[in-house]
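Let's take a walk through a protein structure together. Have the sequence and the 3D view open, and look up each residue as it comes along.

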Amino acid sequence: MNLTLKIWRQEDAKSPGKMVTYPISNIEGHMSFLEMMDILNDELIEKGEEPVAFDHDCREGICGMCSMYINGEAHGPDRRVTTCQLHMRMFKDGETIHIEPFRANSFPVLKDLMVDRGAFDRIQQAGGYISVNTSGNTQDANSLPIPKADADLAMDAATCIGCGACVATCKNSSAMLFVSAKVSQYALLPQGRVEAKDRVLNMVNQMDIEGFGNCTNTGACEVECPKGISLDNIARMNRELIKAKA
Amino acid sequence: MSKSKFTTIGRKILMALSGFFLMFFLLQHLTINMLSVVSPDMFNDVSQFMGTNPVVQFALQPVLIFAVFFHFIMGIVLELQNRRARSIKYAYSKPGTNSSWISRNMIITGLVVLAFLGLHFYDFWVHEMTVKYGGGDMSGLINPNDLDSGYRYHEELVAKFVDPVRVIIYVISFVLLSLHLMHGFQSSFQSMGVSKGKNFIKKFGNVFAIAVPALFVFIAIYHHLQH
């Protein structure tokens, strides 16, 4: 298929950016979106132009590195997939595709479609862990009984890959879905309860320091999340915060 | 530990609590207003009680006024913070694919309701305050010098709805209030951390959001047609 790409080009973090139009031909429906971007970049390099910078790593939908706001949606028009798992068959021949970086002041653009999601790392470092003794006497995981329902919910929350689609898609650039997934995965398990109070306070505090917006419960994040993280996690985090503040 | 007094979540919880209070007040207001249709005498008696009871006037009324101001000031503050979180907007965005217009535009429906409150306060509250505390007339009578003249509340209420323009403004405002409540009701529960019974809360919230404003509209139109 033949497509018209309108891509955000930005020299570096300090330069102003703009949308630039690129025609591209001979794209197969079975290609992934990133493969299409690779082909575009090959063509740009052959012409002596600067290739489009974009984040990617595993290309298996599990690392959370790829981003892009494609045709008005984080990770594009498909559901429950990251950009690397988005296939070109989702688009029609002759279509114009708008490609922008994830936008939020807390995710500054580094170059073209690459954004700095270090804010998520700092939130994670503020409390997204459990302090366990790993000096050779770690107890067997099965020695601590955990209700199956709780284990399943914790696993669901833990599938968050921290890609930032929730922030990118939220009209308020809120990071609540990400933070709540990280808070929930520990809050649901006995190992996480020990530091539960400090965890939620510190992670929410860091989220506020990073300048993310407020959650207004539109539910857009849940729809666009490639891992289907539920809004129930946000409710759980709010309960955790109320308990911690009480 | 959190350094700010209120976290972003804390502010949302306060929005939800003030929202709950205002929704409860709406129900109470509606119950009294329905009396104006069912029994004008009872409406007059209750209005006189509410208008002169010191607990209502000097304890509940200030709380209500505080809740109204708090809810809209906090709503505007949150909206401004949210807008600041993304200085460069998307060139192309399709928010309709993942969220409802109502949930994204609480500030618009809220500001319309706020403008309506201005008119509503001017229509009834300012008048009541002027008569009672400005003019010193606590009798509630049509003619304060004539004990047999009867209470003025029902008569004044009906008089307000003679003007069709006012009725239309009221109807439009209540439609916007309905939209505000449709998201606000369920959103308040989510902010408070309630996730059990989500579907029931949503359905009940929709019934509340439609029924309460619809009955207010009914009262306005009823009095307009009855005058």
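Predicted model: local features only at pLDDT ≥ 70, side-chain atom pairs only at ≥ 80, totals over all residues.

## Where the two chains meet

Let's begin with the place where chain A and chain B touch. Chain A brings 51 residues to the contact, and chain B brings 41 residues. Together the two chains bury about 3,700 Å², with 48% of that on carbon and sulfur atoms.

What about charged and polar partners? Between chain A and chain B there are two salt bridges. In one of the salt bridges, the side chain of A:Lys171 meets that of B:Glu79, at 3.8 Å from N to O. There are also 31 residue pairs in polar contact between chain A and chain B, counting pairs with both residues at pLDDT 80 or more. On the chain A side, at least two residues each come from strand E5 (96-100), helix H4 (165-169), helix H7 (196-209), helix H8 (220-224) and helix H9 (232-245). H9(A) gives the largest share of that side, with nine residues.

## Salt bridges in chain A

How many salt bridges turn up over all chains? A search of the whole structure finds 19. Take A:Asp55 and A:Arg117, which form a salt bridge with their closest N and O atoms 3.2 Å apart. This pair links distant parts of the chain, 62 residues apart: A:Asp55 sits in the loop between helix H1 (33-46) and strand E3 (69-70) of chain A, while A:Arg117 sits in the loop between strand E7 (114-115) and helix H2 (118-127) of chain A. Both A:Asp55 and A:Arg117 are buried.

Next up is the salt bridge between the side chains of A:Glu210 and A:Arg122, at 2.7 Å from N to O. Here, too, distant parts of the chain are linked: A:Glu210 is in the loop between H7 and H8 of chain A, A:Arg122 is in helix H2 of chain A, and they are 88 residues apart. Are these two buried or partly exposed? A:Glu210 counts as buried because its relative accessibility is 14%, under the 20% cut-off. A:Arg122 has 38% relative accessibility, so A:Arg122 counts as partly exposed.

A:Glu195 and A:Arg199 make another such pair, their side chains meeting in a salt bridge at 3.9 Å, N to O. With a relative accessible area of 22%, A:Glu195 is partly exposed. A:Arg199, at 3%, is buried.

## A network and a helix in chain B

Over in chain B, salt bridges with shared partners join B:Glu128, B:Lys132, B:Arg152 and B:Glu156 into one network. B:Arg152 also shows up among the contacts of B:Val131, a residue in helix H5 of chain B. Setting aside neighbours within four places in sequence, B:Val131 is in contact with B:Gly136, B:Asp137 and B:Arg152. From C-alpha to C-alpha, B:Val131 and B:Arg152 are 11 Å apart in space, and 21 residues separate them in sequence.

B:Tyr133 counts as partly exposed because its relative accessibility is 37%.

How values were computed: Residues numbered from 1 in each chain as written. Chains lettered and ligands numbered in written order. Heavy atoms only, no water. Buried < 20%, exposed > 50% of the residue type's maximum accessible area, 1.4 Å probe, protein only. Contact = heavy atoms within 4.5 Å. Buried area = accessible area lost by both parts, 1.4 Å probe. Salt bridge = Lys/Arg side-chain N within 4 Å of Asp/Glu carboxyl O. Polar contact = N/O pair within 3.5 Å; in protein donor to acceptor, adjacent residues only side chain to side chain. Helix = DSSP H or I, 4+ residues; strand = E, 2+ residues; numbered from the N terminus.
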